[in-house]
Protein chains: 2
Amino acid sequence: MEAGDAGNGSAAAAQIKGSGDDASCKPLPPCCVKAKAGVPEAEAKCHDTVVSGWFTEPQSRFGKTSKVQYYNNPMWPGEAHSLKVEKILYQGKSPYQEILVFESSTYGNVLVLDGIVQLTDKDECAYQEMVTHLPLCSIPSPKNVLVVGGGDGGVLREIARHDSVETIDICEIDQLVIDVCKEFFPNLSMGFKDPRVRLHVGDAVDFLRDSPEGKYDAIIVDSSDPIGPAQALVEKPFIQTIARALKAGGVLCNLAESMWLHTHLIQDMLSICRQTFKGGVHYAWTSVPTYPSGVIGFLLCAKEGPPVNFLTPVNPIEKIQGATKAGKELRFYNSEIHRAAFVLPTFVRRELESYTTCSTSTEKEKPKESVSKSQKIKILLNNAILTAS
Amino acid sequence: MEAGDAGNGSAAAAQIKGSGDDASCKPLPPCCVKAKAGVPEAEAKCHDTVVSGWFTEPQSRFGKTSKVQYYNNPMWPGEAHSLKVEKILYQGKSPYQEILVFESSTYGNVLVLDGIVQLTDKDECAYQEMVTHLPLCSIPSPKNVLVVGGGDGGVLREIARHDSVETIDICEIDQLVIDVCKEFFPNLSMGFKDPRVRLHVGDAVDFLRDSPEGKYDAIIVDSSDPIGPAQALVEKPFIQTIARALKAGGVLCNLAESMWLHTHLIQDMLSICRQTFKGGVHYAWTSVPTYPSGVIGFLLCAKEGPPVNFLTPVNPIEKIQGATKAGKELRFYNSEIHRAAFVLPTFVRRELESYTTCSTSTEKEKPKESVSKSQKIKILLNNAILTAS
């Protein structure tokens, strides 16, 4: 595998066109910092070692005094997180994104897509385990599971712990991500080895449109940030397509950004999901040091049907035979962390509660269709399970 | 107030001498990254804009193309977090530390001591509210409270929400920190205005030695990292001095670093506290974006006496009259977050459980005095309260 190794160019063009032409495609709220991801240069120029979020060769070498090299992630306005680089392992470009892998000095190998850190060996456990077991431990006996994105294989590795699962479909658009991760992240890509896994390389929108209605018990959207190829994955048509592919009482776990930085984006996603998923929508979060502000959020959504209580895992991981020994031990997730993930700081609770209507222009023109008070997220009610009495 | 404004030089010398001469003073474990804080230059040289963790003037100015300025915190090996600087508000040096205040573009004003970010307007709520209410809401009716450090006033602001409190002593060694925060952090230093507050500028070791035995219901150590002037605050003699000053059933809240980065330091602190506090020692953590790895930990310790159950707040903040309106609303803390803070990721649980003996050389020479298995932290037992059943 070499730098610049390409994939399917025409597929990429089709995917980008598909997103852009969608009438429901709306711009990100102006306050959403992710909108800056397309023009990182302005932020990146502060560092000698970084151009557009990419590691570059040092500009001066004086033997022992040559500069320390850092990879810098300047995607969040006003702040940047840098990781010390030991060695660049891979640089390349697929039809969808730029891919960088480097060995860091203290976080193991690091995967970067379009300048944004996706995972590191050190802290991938928190993300992979939470995004998988929050949904799968919330339903009694998941059988058919779909992963959208997830080309690194980490979510597959986690799903494989569930012995009730019969088929694991994965729809990843970028073959190059899969290939690169198989080479540099064996502890994640091991997930592809499970015989229940069926890989589909292509557009998840097309894949889901062709899927039988009510096929899946759980769908996990393990995408990159909602900019570029992944933008369509947080929009209403896609959310509706997902809902259609789920069984009654089936569940979706979608990424939902940082509670410290992206409240407006979270509100928009909550609104969209709430309109579609009548079985309940809940926000959860966890600690991931290498993500902006050190946290990542999840939206847990249930399709109408048999009731789902996300806050008390009905299918606790500790009771699944062999679950914590399959391949390797769990490092982050447990049933207590599951419940604690739904407990929100006061400011988050307040901001999500005060959100009563979707802020899109389309909806502003139709006030009668705005979200009613009774549809507000039931965060207080759910958190009450943990309330001292 | 001007840059270089000095304080009491002789007091500083005495304090440093006091720490250094103490026979119990042991080096930090080699794995502890904080040991590098004294020589930040090696890490800091990666950025043009930064020397020793300090903002410097841009090296080139070309009108509109001049570089964006970042403040960089390079104290953690292999990573750095940077905040965009709008304006330097203060630079100075007290006998104890270098003090920097700047206005950031997205985190409000930022306080930096000896190159390490102490607080920002944006996320100070998480730290100040948790370090205060975790201990104070765990005991029925706190009356006498002591703050060690805390010169910014934020913890005082939070203690003031408790109407049962009669006296709030604060022992801060650095008058300049207090003065600077009164000027640039009015939302924190407002804590000094409460009539119950009695300020003592000086060495906390001396202050506690002169305090009556059993005086305090709660002691909160709101210090900088355990390097330099604050190093003595995590050592056994000081912990014993604190215990002496507490009532039976009184509680201590001490800072306990990041679960992602500093396991060995946490283990050492746990061991020391466990030897002294027989009423229980518990680790808790919370999200603070501008601290290394995005989290900070707390050690909650209870002196033998009336039993204290830290995990279920006996004195819930929501039931204290006027508590959430005193000055300003709570932004982060609530009773659910209190309970969730004690829930640990699996790897943290495992590492703290496997820790059976203190690793200091003194203790290695006395195997019979090593910590017995029965003294292990009761993390599983406590977390069971949140276990799904």
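I began with Thr324(A), which is partly exposed, with 15 other C-beta atoms within 10 Å. The cut-offs I used: a residue is buried if 20 or more other C-beta atoms lie within 10 Å of its own, exposed if 12 or fewer, and partly exposed in between, with C-beta atoms placed from the backbone. Thr324(A) sits in the loop between β14 (295-302) and α10 (335-340) of chain A. I also looked up its C-alpha separation from Ile337(A): 15 Å, for 13 residues along the chain.

**Ground rules**

I am reading a predicted model, in which local features need pLDDT of at least 70 and side-chain atom pairs count only at pLDDT 80 or more, while totals for chains, interfaces and linings use all residues. Residues are numbered from 1 along each chain as its sequence is written, and chains are lettered from A and ligands numbered from 1 in the order in which they are written. Helices (H or I, at least four residues) and strands (E, at least two) are DSSP runs, numbered from the N terminus. Two strands pair if DSSP finds at least two bridges between them.

**The sheet in chain A**

I traced an open sheet of seven strands in chain A. Its order is β10-β9-β8-β11-β12-β14-β13, and the pairing is mixed. Which are the edge strands? They are β10 (197-201) and β13 (281-287) of chain A, and each pairs on one side only. The twist from one strand to the next averages 15°. For such angles, axes are lines fitted to C-alpha atoms, for helices over the stretch in contact, and angles run from 0 to 180 degrees between N-to-C directions.

Next I checked β11 (residues 216-222) and β12 (residues 246-255) of chain A, which pair in the parallel sense over five bridges. Tyr216(A) has Leu246(A) in β12(A) as its bridge partner. Then I picked Leu252(A), in strand β12 of chain A. Is Leu252(A) buried or exposed? Leu252(A) counts as buried, with 26 C-beta neighbours inside 10 Å.

I repeated the search in chain B. Here seven strands form an open sheet in the order β10-β9-β8-β11-β12-β14-β13, with mixed pairing. Its edge strands are β10 (197-201) and β13 (281-287) of chain B, each pairing on one side only. Neighbouring strands of this sheet are turned by 15° against each other on average, direction ignored.

I looked at one pair inside this sheet. Strands β8 (residues 144-149) and β11 (residues 216-222) of chain B run parallel and are joined by five bridges. Val147(B) stands opposite Ile220(B) in β11(B).

**Where strands of A and B pair**

Which strand of chain B pairs with β4 (residues 79-93) of chain A? I found strand β4 (residues 79-93) of chain B, in the antiparallel sense, over five bridges. The bridge partner of Ala80(A) in β4(B) is Ser82(B). Within chain A, β4(A) also pairs with β5 (residues 98-104), antiparallel, over seven bridges. A hairpin of four residues joins β4(A) to β5(A). Lys93(A) stands opposite Glu98(A) in β5(A).

**Helices**

I turned to α3 (residues 124-136) of chain A, a helix of 13 residues. From first C-alpha to last, α3(A) reaches 18 Å, close to the 18 Å expected at 1.5 Å a residue. The expected span is 1.5 Å times one less than the number of residues. I noted a kink of about 25° in α3(A), centred on Met130(A). The bend at a residue is the angle between axes fitted to the seven residues ending there and the seven starting there. Why is α3(A) largely enclosed by the rest of the structure? I checked burial: 13 of the 13 residues of α3(A) are buried.

In chain B, helices α8 (residues 236-245) and α9 (residues 263-276) pack at an angle of about 40°, with their axes 10 Å apart. That makes α8(B) oblique to α9(B). Angles under 35 degrees count as roughly parallel, over 145 as roughly antiparallel, 65 to 115 as roughly perpendicular and the rest as oblique.

**Positive phi**

Asp114(A) has phi near 50°, a positive value in a residue other than glycine. I placed Asp114(A) in the loop between β6 (109-113) and β7 (116-120) of chain A. Asp114(A) counts as buried, with 23 C-beta neighbours inside 10 Å.
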